[in-house]
Every structure is written in structure tokens, then in C-alpha cells.
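I opened this structure for a first look. These are my notes, in the order I took them.

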Amino acid sequence: MFSSLKKFILIIVLILLLPLIIYTYIQLNNISEDEKFLEKIYAEQLNTIIFSVNQYTEDSFQSWIKNINNIVLNDSLYFEDKMSEFCKANPSISLIIISDSLNSANMEFYASNKIKKSQNAVIKMQKILNDNAETLNSLKDFKNLGYTKVQPLKNTLDNTPLLSFIISNNKNISATLVLNTKRFINDILMKKINSISTKDFMISIFHDKSLVSYTGGTNVSFDKLIEYKELWNLPNYYLGISTPGSTIKDLVEERTFTNLIILIFLNVLILLGVFFLFVTIRKEIKLSQLKSDFVSNVSHEIRTPLSLIGMFAETLELNRVDSEEQKIEYYKIIRKETERLTRIVNSILNFSKMESNNKKYNFKNENLNLILDEVLNTYQHELNGTKNKCKVNKFENLPEISIDKESVMEAIFNLIDNAIKYCENNCVIEISTGMNNDAIYLEISDNGIGISKENQKKIFDKFFRVTTGNVHNTKGSGLGLTLVKNIMEAHNGNVIVESKLGAGSKFKLIFPKING
């Protein structure tokens with residue numbers, strides 16, 4: 001059995017556990033890779049959103065540039081009026097400054113209302129343009145390439161945001177826009193941002209990490225942003241994205257945690273399946289071994305009486321017996337072994353009927369003392385031999401109970417047979433009947449080898465045989481106590497065992513009383 005069990009364990013390890021370990025290892029690595037991949041994809045998606053807002057800002061600036069270019073280059077007649085109208089139509093532009101060269105004092109200022117140019121303003125603007133000469137030269141280079149690029153200027157005098165672009169390199173004309181950032185953000189940029197915001201994420205605008213405007217109805221601090229980028233051409237303004245209550249890492253970790261829980265659950269489920277499969281197959285292997293032992297034991301049990309019957313019958317047939325007393329003794333042995341053989345066959349047949357639920361009981365009101373007398377009469381020779389002593393104590397006036405006589409006799413036969421078989425020397429068997437308020441009982445005790453506590457739980461299992469000690473040396477079918485238990489259950493009764501190794505055993509058959 002142990003060899004078969006080892007093979008089975010090896011098969012389980014190779015077919016189930018080893019692939020499970022490899023699969024779990026691969027999945028854990030995949031989860032880690034998936035976590036990085038999801039984080040990357042999510043970050044790219046957020047960057048795409050930020051890019052689209054920045055592109056919208058650039059498109060707005062380019063639209064302004066196109067209109068200003070048209071006014072400056074084409075509307076010389078109504079130039080000032082057109083510029084004022086343009087500023088009124090675009091309140092995000094506080095002031096437009098047109099100059100004909102980087103260092104020239106020849107510059108004009110335009111706003112929604114006509115303003116008077118001051119010398120001080122011209123000097124300040126000259127300084128700003130000189131400070132940003134490199135940027136303006138870069139804009140000229142772009143213009144030479146056919147592209148009108150707009151760039152912010154460093155304002156070393158104050159923090160007023162300035163945007164500059166080249167109108168014409170040939171005419172050496174440039175323009176600088178003084179931007180009303182607050183109006184630009186609220187009137188233009190937030191319309192675009194509100195159109196792309198969803199309930200899953202919020203877009204906010206920060207200036208030097210101070211919140212300027214936001215979507216979603218809930219403000220958020222700069223350090224809670226899950227992704228942010230600087231707004232193009234608006235230095236120190238940041239466009240940030242946040243999610244309600246969770247960061248990208250939180251979302252990815254939550255997904256990873258869920259995947260890990262599912263993976264652990266599957267592993268536990270498979271391991272439980274393997275465990276139950278192992279228990280079931282081990283039980284089946286053990287049962288198969290018990291059946292094999294049963295066949296061997298029953299063969300031995302049957303062969304012994306058959307050999308004795310054959311030997312004594314042959315002796316009598318060949319007339320080799322000298323005296324009549326010896327003949328009578330041989331006839332008794334043949335009858336006893338025949339009865340023993342009959343009991344073995346009946347036990348096997350009854351067990352087979354019980355297993356297939358075909359066993360039929362014939363219940364009648366019987367006196368347990370009288371049934372015990374019939375059994376003792378059959379076992380008189382064995383119980384009162386030189387090896388054994390039997391003490392019987394019957395309760396007087398024992399009331400009748402509803403029982404199947406043959407089945408109960410078989411149960412008592414099995415218990416007495418066990419008491420004799422598992423008693424080594426000077427065996428004392430005590431049999432008694434009795435009653436209490438609820439039941440009538442029959443007890444059979446011996447001073448034999450006893451049963452360990454552990455095996456007492458198993459002795460009523462079919463085919464079970466104790467595999468160690470003196471019990472293992474005594475042949476038996478492993479069905480006797482199973483039959484006793486089944487018979488008592490059929491009578492709504494019970495069988496109780498009390499035993500101790502080396503101190504004997506006591507079996508008690510308990511029958512319910514007849515009501516009334």
C-alpha cells in the first residue's frame with residue numbers, strides 16, 4: 001500500500017503541484033510586469049490629455065497671431081481701430097505692443113481703449129526686448145523658415161506675462177502681447193478643460209503650485225496630482241490631473257491586489273482539491289488493501305475447517321478409528337467445524353446483503369436471556385474448555401424486546417468469538433444481561449489483549465484489522481464488528497466498547513425497550 005501511495009504522491013507532485021508552482025511563479029511575474037505596463041499606459045493617457053490642452057492653448061495663440069498679422073500687414077488705413085476692436089474681442093489680451101526692431105524706440109501700444117504711449121513704458125519695453133534678444137532672434141529664425149512661433153519673454157521688471165512673435169522679418173516688425181492670464185484661463189482654457197474632464201479624473205491649473213482653477217467641483221493640492229506638465233508659453237503655470245481619492249499607483253496596486261487575491265484563491269482551491277483527491281485515493285488504496293487482506297483471511301478461515309472436516313471424514317471412512325468414543329469425538333469435531341464454516345459463510349452473505357441494502361429483518365418479541373442460552377449452548381465446548389472460563393450473570397424477569405433473533409445471535413456469536421480469539425491464556429469471559437430505565441443490554445467482557453484508544457475508533461469499519469501486536473497474528477475477516485454495528489443500528493440500538501491494551505475489552509449491546 002505504501003509503495004502505491006508513494007507513486008500516487010509522486011504523480012500528484014509531477015502532474016499538479018509542480019505545474020501549479022510554475023504557473024504561480026509566472027503569474028506573479030506577470031502581475032509585476034502588468035503593474036508597470038498599466039502604470040505606463042495610464043500615465044501616457046494622462047499625458048495625452050495634458051498635451052491636447054496645451055495644443056489648444058497653442059492654437060488659440062496662433063489664431064491671435066493670424067488676426068494681428070492681417071491687421072498689421074493689410075489694414076494700414078484703419079489700423080488703430082482694427083487693433084482696438086481686436087483687443088475688445090479678446091479681453092485675454094491686455095495690451096499689444098508693435099515695434100519695428102529690437103532696440104528701436106519706435107513702438108506703438110494698442111488696447112481695447114486708446115491709450116497714450118509714455119516714454120517710461122517705451123524704455124521698460126526696450127529693456128525687456130533687449131533682455132530677450134536671444135529669444136527674439138530665435139523667433140526670427142523660425143519666421144525665416146516660414147513658421148510664426150510665439151514664445152514667452154522673461155520679464156525682469158515685473159511678473160506680467162508677455163508673449164512675443166515676429167510679424168515680418170522683411171519689415172522688421174515684431175509684436176508683444178501682454179496677457180491677462182486669469183481671463184485667458186477662465187474664458188478660454190477652462191472651456192476646453194471642462195469639455196474633456198470626466199467624473200473619473202479632474203484637471204486643475206496651478207501657478208507656482210498654487211491652485212488657479214479646477215474642474216470637478218473639488219479642489220486639490222499640487223502634491224495630490226497624479227500627473228502634471230507645464231503649460232506651453234505660460235511659464236510657472238502647470239496643468240495637473242488628479243483622480244477622486246486614488247492615484248495611479250493606488251489604482252494599479254488595487255488591481256494588483258485583486259489579481260493576487262484571485263491567484264491565491266485559485267491556488268488554495270487547487271490545493272484543497274489535491275488534498276481531497278489525496279485523501280480519497282489513499283482511502284481507496286487502503287480499502288483495496290483491506291479487501292485483499294479480507295480475501296486472504298477468509299480463505300484461511302475457510303481452509304482450516306475444511307481441512308479438519310476432510311481429515312476426520314477420511315479417517316472415519318477408512319475405518320482407522322479404534323474406539324466408539326473416538327468416533328463420536330471425530331463426529332463432534334466435524335459438526336463443530338461445519339457450524340464454524342456455516343457461520344463464516346453466513347457472515348459474508350449477511351454483510352453482502354447489508355452492503356446492498358437487501359438484508360431483511362424479521363422482528364419479533366423475544367427474551368434476550370433465552371437467545372443468550374441458545375448461543376451459550378452452541379459455544380459450550382469452547383467457553384468451558386481448559387483454556388477458558390465463562391461466567392454468566394443473567395438479569396431475572398428481563399422483559400421481551402422486538403428483535404431479529406438470528407441477527408442478534410450472530411452479533412453475540414461474533415463478540416464471543418472475538419473474546420475467545422483475542423484472549424491468550426487463562427481467559428475469563430463474563431457475559432451478563434441487564435436493564436435500565438430506557439434500555440435492555442447484554443455485556444461481554446474478557447481479560448484479553450485489549451484494543452488501543454486509537455484503534456477503538458476504527459474497529460467497526462469494514463475490513464479493518466489491527467496491523468500491529470498480537471491482534472495482527474490472529475486471523476479474521478475484518479467483518480465481525482461491522483456486522484455487529486449494522487445489526488444494532490437496524491434495531492435502533494447501539495454497541496459500545498470499553499477497552500485498554502493488556503487489560504481486556506468490554507462490548508455492550510444496547511436495545512431499546514418496547515414502549516408500554
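**Helix 10 and helix 13**

I began with two helices: the axes of helix 10 and helix 13 (residues 480-490) come within 9 Å and cross at roughly 145°. Axes here are lines fitted to C-alpha atoms, for helices over the stretch in contact, and angles run from 0 to 180 degrees between N-to-C directions. Helices (H or I, at least four residues) and strands (E, at least two) are DSSP runs, numbered from the N terminus. The model is predicted: local features need pLDDT of at least 70, side-chain atom pairs count only at pLDDT 80 or more, and totals for chains, interfaces and linings use all residues. Residues are numbered from 1 along each chain as its sequence is written, and side-chain values use heavy atoms, with hydrogens and water left out.

I then looked up which residues make the contact (heavy atoms within 4.5 Å). Helix 10 brings Ser407, Val408, Glu410, Ala411, Asn414, Leu415 and Asn418, and helix 13 brings Gly480, Leu481, Leu483, Val484 and Ile487.

**The cores**

Next I looked for nonpolar cores. Each is a set of buried Ala, Val, Leu, Ile, Met, Phe, Trp, Tyr and Cys residues joined through side-chain atoms within 4.5 Å. Buried means under 20% relative accessible area, exposed over 50%, partly exposed in between (1.4 Å probe, protein chains only). The largest core has 48 residues, and Ile412, Ile416, Ile444, Phe507 and Leu509 have the most contacts inside it. Helix 10 (residues 405-421) gives the most to this core, with nine residues. Apart from it lies another core, of 41 residues, including Val53, Phe79, Leu179 and Ile193.

Is strand 4 enclosed or open? Seven of the seven residues of strand 4 (residues 162-168) are buried, so strand 4 is largely enclosed by the rest of the structure. Strands pair if DSSP finds at least two bridges between them. Strand 3 (residues 151-153) pairs with strand 4 in the antiparallel sense over three bridges. Here Pro152 has Leu163 as its bridge partner. Strand 5 (residues 173-179) also runs antiparallel to strand 4, joined by six bridges. Leu162 stands opposite Val178 in strand 5. Four residues lie between strand 4 and strand 5 in their hairpin, where Asn172 takes a positive phi near 55°.

I picked Thr176 in strand 5. Thr176 has a relative accessible area of 1%, so it is buried. Leaving aside neighbours within four places in sequence, its contacts include Leu95, Met125, Leu153 and Leu163.

I traced an open sheet of four strands, in the order 7-6-9-8, with antiparallel pairing. Strand 7 (210-214) and strand 8 (227-230) stand at the edges with a single partner strand each, so one side of each has no neighbour in the sheet. Neighbouring strands are turned by 30° against each other on average, direction ignored. Strand 6 (residues 202-207) pairs with strand 7 over four antiparallel bridges. His207 stands opposite Ser210 in strand 7. Helix 5 (residues 181-196) packs on the sheet and touches strand 6, strand 7 and strand 9 (237-242).

**Asn436**

Last, I went to the loop between strand 13 (427-435) and strand 14 (439-446), where Asn436 sits. Asn436 is partly exposed, at 39% relative accessibility. Lys513 is 77 residues from Asn436 in sequence, yet the two are 9.2 Å apart in space, C-alpha to C-alpha.
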